[in-house]
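Here is a short briefing to read beside the structure. Take a look at the picture, then follow the points below.

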Amino acid sequence: MEKFVYLFHEGNGNMKETLGGKGANLAEMTRIGLPVPYGFTISTQACNAYYDAGKTIPSIVESQVLGALTNLEEKMGKKLGDAKNPLLVSVRSGSVFSMPGMMDTVLNLGMNDETVIGMGDLTNNPRFAYDSYRRFIQMFSNVVLDINTYYFEQLLEETREQKGYHADPEMTAEDWKEVIEGYKGIVKKHTKKDFPQDPKEQLFLAINAVFDSWNNQRAIVYRRLNKIPDHLGTAVNIQSMVFGNMGDDSGTGVAFTRNPSTGEHVLYGEYLINAQGEDVVAGIRTPQPIQTLKDEMPAVFKQFADTCKRLEQHYQEMQDIEFTVERGKLFILQTRNGKRTAQAAIRIAVEMVEEGIIDKKTALLRVDPDQLNQLLHRRIDDKYERTLLAKGLPASPGAATGQVVFDADEAEELGNAGKKVILVRPETTPDDIHGIVAAQAILTSRGGMTSHAAVVARGMGKACICGCEALKIDVKAKQFTVEEKVINYGDVITIDGSTGEIMLGEIPMIEPQLSDEFQLLLAWADQERKIGVRANADNPEDARKAFEFGAGGIGLCRTEHMFMDLKRIPIVQKMILAESFNERKEALDELLPMQQGDFEGIFEAMQGFPVTIRLLDPPLHEFLPDKEELLVEVTKLQILDPSSTELKKKELLLKKVRQLDEFNPMLGHRGCRLGMVYPEIYEMQAKAIFYAAAKLADKGMEVQPEIMIPLVGHVNELKQMRQLVVDAAEKVQEETGKQFEYTIGTMIEIPRAALTADQIAEEADFFSFGTNDLTQTTFGYSRDDAEGKFLQNYIENKVLPENPFAVLDQEGVGRLVEMGVRLGREAKPTLKTGICGEHGGEKTSIDFCYKIGLDYVSCSPYRVPLARLAAAQATILHESNKKEVYTTA
């Protein structure tokens with residue numbers, strides 16, 4: 001008989017796929033003897049069986065749940081629904097990969113009109129019992145019966161105001177009885193039924209709800225964002241309740257074994273006295289720092305600190321721990337690998353190596369390359385004055401500027417329209433996930449540094465400030481006030497998530513600096529990786545930045561970007577509009593020294609590393625004015641000034657634009673096809689490269705130019721263009737008397753080039769795979785049209801697993817790349833191969849490039865550190881066949 005339900009002591013930490021992350025960790029902590037409340041886990045397979053059965057719990061699962069419940073009752077000496085000695089349980093989700101706040105939880109299950117009396121008698125604390133009952137009704141009604149929490153909160157707030165209270169702990173048992181009757185009325189009004197009193201009915205309804213929450217909107221969005229497969233399902237953890245709301249000797253909290261923002265090796269977290277766990281993470285009350293627990297409950301704090309150290313040593317990872325103290329006794333409710341910022345991930349990984357907890361290879365696998373982007377962008381420039389509005393808790397570092405919005409839907413709408421927004425809320429909930437994704441940063445007036453907003457923002461690398469109580473937020477009026485100052489919807493603010501400061505207006509930012517730990521981690525990566533990392537750079541400034549970030553050369557220098565310079569456009573247009581060879585040559589002679597200067601700057605910046613220069617690629621019409629705009633200008637002049645010389649000039653320009661106009665420019669007269677028809681253009685560029693090489697050789701500097709012919713589809717194109725470049729080199733060498741080394745290759749970006757790579761390799765010293773265009777030509781997608789019209793729909797509906805322009809399509813485009821490498825090297829074993837599309841900076845694509853034997857990847861300068869780390873991870877994983885990576889994801 002298939003097993004669907006496991007008591008905690010029957011599992012272990014290696015059973016995540018069956019028990020989910022939370023269940024596996026509860027089992028592991030039970031196994032090593034930590035104070036974990038008894039319980040059992042319903043497996044992820046049961047969740048899938050539930051969906052297969054049409055969202056019904058199969059009878060075999062129900063039977064095993066009841067068997068495990070009986071076992072739990074025996075261990076606890078209590079019974080679910082017993083009026084005098086009731087067992088109360090929590091029902092929590094637990095997916096294979098951590099999805100904080102995305103799915104549902106029900107606490108205090110088993111409470112009803114009878115057991116609440118029994119709980120009051122047992123604990124000699126009726127106030128606690130009725131408080132727990134009202135919490136259960138509110139949570140169960142929201143999670144299981146789908147009644148908005150707003151109705152319950154509104155009634156509770158009205159009751160508090162009527163009685164003159166400021167906080168929930170002031171409420172008496174009689175007050176809670178009154179609230180409970182009101183809550184039952186809300187349930188009756190919305191469901192037309194009484195609140196369920198049978199604890200077993202409550203239990204199975206709650207299990208159903210947790211299974212259902214696997215496919216709620218926020219969970220789907222989170223899975224898509226974090227690339228978590230939909231088929232995994234969630235486990236359900238049923239655990240005997242322990243109570244942090246039994247008085248001043250009780251409490252609940254969340255703590256990290258190290259600071260998740262900075263990585264500092266200190267306990268970091270928060271707790272609330274006389275509260276339940278949801279109070280901390282929901283941000284309804286602002287909690288106390290964990291260090292103050294040392295003064296309130298010194299013995300408990302020491303036990304907790306020792307437990308944290310033990311857990312970190314056991315898991316060899318920074319842990320995120322939920323705990324409850326019931327009448328002075330500590331219970332550990334959950335542990336998991338803690339989410340952290342990139343800055344913290346790097347520091348923790350490096351320090352754990354230095355502390356002897358992990359080795360260097362493990363440290364390299366601990367940092368998700370995608371996170372590194374957080375460290376490579378700007379921060380607030382301290383030189384500028386700041387108009388400080390208020391200060392909150394620095395929940396997630398980084399800085400951001402944007403327009404204030406108060407609603408997640410608005411944040412998504414404006415963010416998708418290209419606006420920079422900051423989402424301002426009293427507190428966020430998991431339902432706000434889409435707005436958090438679209439916003440530059442998050443700001444809340446309630447909640448602490450372990451609240452939902454803080455945890456999610458840190459995971460995404462977004463700046464976040466929480467618990468800024470100086471903000472009085474009026475969501476309906478779309479404004480917040482700080483003392484007398486009013487900030488309205490659409491006003492611009494800047495926040496610094498590292499300091500907690502909120503400032504009025506936009507403040508300039510400055511470039512980042514890499515920490516010593518970051519540099520050390522990348523040095524370890526360079527020692528491990530067996531694939532080179534270059535950068536795509538089109539000017540000396542980008543080349544210098546690439547060199548600073550550790551690039552081992554330039555894998556793609558796009559010469560057309562040099563043509564786009566405003567000062568050069570008139571000369572480029574003169575070259576395009578030329579009616580004769582001599583006219584065109586005259587314009588090219590003007591451009592040559594400009595191009596030469598560009599190449600000199602790039603060669604100097606790269607200090608002897610190879611520089612791959614792609615000759616002109618785009619169609620010529622891209623350098624001319626827009627046809628429609630030009631037509632409007634000509635029409636106006638024809639009406640207003642028909643005899644002007646300006647009109648004649650514009651008419652000639654329009655005529656040329658129409659001549660060059662193409663139905664499908666991407667597949668038209670561009671790349672090497674331009675060089676074939678106008679060889680003087682490519683000759684000018686080749687000479688500019690070689691003049692630059694000769695000049696630097698004269699200065700005693702080493703250069704390694706690699707001239708790349710774009711868009712080759714037939715070997716004869718490369719053969720002819722190669723000869724043109726060789727002739728240009730010989731002319732320059734003869735003219736300058738300087739000798740220099742160079743290589744000639746091509747960009748493989750058309751399927752035919754990959755299919756005939758053995759023929760093309762005869763004329764090439766290297767291949768560089770241009771996977772942006774190769775993806776377009778393989779799929780038959782125009783990137784701009786696809787991404788703007790249907791591609792997102794394809795991804796959401798799982799027609800495609802990923803955007804193929806962001807993540808390399810290994811089954812199709814990747815197969816062509818692999819074929820190109822194999823055929824090319826069969827014809828020429830010394831052939832150098834690399835990739836220079838955007839995929840060169842994406843971790844799974846880099847892994848693929850390593851597997852098929854490319855010599856290097858090339859990416860934007862700011863993604864070079866990411867690529868260095870991803871290249872090391874690919875090397876480690878494939879050499880050791882390790883399965884786990886990115887443990888913080």
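**A first look**

Of the 889 residues in the protein chain, 57% are buried (under 20% relative accessible area; exposed means over 50%, and partly exposed lies in between, with a 1.4 Å probe and protein chains only). This is a predicted model, in which local features need pLDDT of at least 70 and side-chain atom pairs count only at pLDDT 80 or more, while totals for chains, interfaces and linings use all residues. Residues are numbered from 1 along each chain as its sequence is written, and side-chain values use heavy atoms, leaving out hydrogens and water.

**Overall build**

- The protein chain has 35 helices and 31 strands (DSSP runs numbered from the N terminus: H or I of at least four residues for helices, E of at least two for strands).
- Its radius of gyration is 32 Å, close to the 29 Å of the globule rule for 889 residues, so the protein chain is as compact as a globular protein of that length (the radius is taken over C-alpha atoms, and the rule is 2.2 Å times the number of residues to the power 0.38).
- The C-alpha trace spans about 105 × 65 × 55 Å along its principal axes.

**Around Asp248**

- You can find Asp248 in the loop between β5 (234–240) and β6 (251–256).
- Asp248 is exposed, and its relative accessible area is 65%.

**Around Leu504**

- Leu504 belongs to strand β22 (residues 501–504).
- With 29% relative accessibility, Leu504 is partly exposed.
- Leu504 and Thr257 are 247 residues apart along the chain, and 35 Å separates their C-alpha atoms.
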